[in-house]
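Biologist: I'd like to learn how to read a model like this one. Could you walk me through it?

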Amino acid sequence: MALADRLSLAFRQRIVLRLVLALVALYLLIGGLQLLLIGGSPHYLLAGLLAGASAIFMARGDRRGALLYALLLLGTLVWSLVECGLDPWGLQARLLAPAILGIWVAWPYLKPWSRSALVVL
């Protein structure tokens, strides 16, 4: 595969990741605000803000976007443990989707030896 093809593929993957993060952020912001207005947890609103900031930084090619998403994961883990303790079903429901998206966000850092990984972010 030619370098131009790999760059093009990496560029398209970056765009898709940014769009997914932006949509997740919008969903969390709207749902989090609704939940907060009826007396619920502010977690989803804060998670939406962090996901949105992560998408913006990643759109600019700034590695801080991945760090912000890691912060979101850490906050979600703490919130999950406070909310449901060590109940495996409760933790799974709160952590699985953000963790899977986190693997996608962190993929370039998980495979630093790959040349294509350097282009993804």
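Predicted model: local features only at pLDDT ≥ 70, side-chain atom pairs only at ≥ 80, totals over all residues.

Biologist: How many helices and strands does the protein have?

Modeller: Helices (H or I, at least four residues) and strands (E, at least two) are DSSP runs, numbered from the N terminus. Here you get five helices and zero strands, so the order of elements from the N terminus reads α-α-α-α-α.

Biologist: Back to Ile103. Is Ile103 buried, exposed or partly exposed?

Modeller: The classes go by relative accessible area: buried is under 20%, exposed is over 50%, and partly exposed is in between (1.4 Å probe, protein chains only). Ile103 has 45% relative accessibility and counts as partly exposed.

Biologist: Now for pairs of helices. At roughly what angle do the axes of H3 and H4 cross?

Modeller: Axes are lines fitted to C-alpha atoms, for helices over the stretch in contact, and angles run from 0 to 180 degrees between N-to-C directions. Helix H3 (residues 64-84) and helix H4 (residues 88-110) have axes that come within 10 Å and cross at roughly 165 degrees. Angles over 145 degrees count as roughly antiparallel, under 35 as roughly parallel, 65 to 115 as roughly perpendicular and the rest as oblique. H3 and H4 are therefore roughly antiparallel to each other.

Biologist: What is the handedness of that crossing?

Modeller: A crossing is left-handed if the near helix is turned anticlockwise from the far one by less than a right angle, and right-handed if clockwise. The H3 and H4 crossing is left-handed.

Biologist: Which residues of H3 and H4 meet?

Modeller: Contact means heavy atoms within 4.5 Å. Among the residues that meet are Tyr69, Leu73 and Trp79 in H3, and Leu91, Pro98 and Val105 in H4. The residues of this H3 and H4 contact divide into 14 nonpolar, four polar and two charged. For those classes, Ala, Val, Leu, Ile, Met, Phe, Trp, Tyr, Cys and Pro count as nonpolar, Asp, Glu, Lys and Arg as charged, and the others, Gly among them, as polar.

Biologist: How do the axes of H2 and H3 cross?

Modeller: The axes of helix H2 (residues 43-59) and H3 come within 7 Å and cross at roughly 165 degrees. That makes H2 roughly antiparallel to H3, and their crossing is left-handed. Their contact has 13 nonpolar, five polar and one charged residues.

Biologist: Let's zoom in on H2. Is His43 buried or exposed?

Modeller: His43, in helix H2, is buried, with a relative accessible area of 12%. Leaving aside neighbours within four places in sequence, His43 is in contact with Gly75, Thr76 and Trp79.

Biologist: What is Tyr44 in contact with?

Modeller: Tyr44, also found in helix H2, is partly exposed at 31% relative accessible area. Beyond its neighbours within four places in sequence, Tyr44 is in contact with Leu28, Gly32, Leu35 and Trp79.

Terms used: Residues numbered from 1 in each chain as written. Heavy atoms only, no water.
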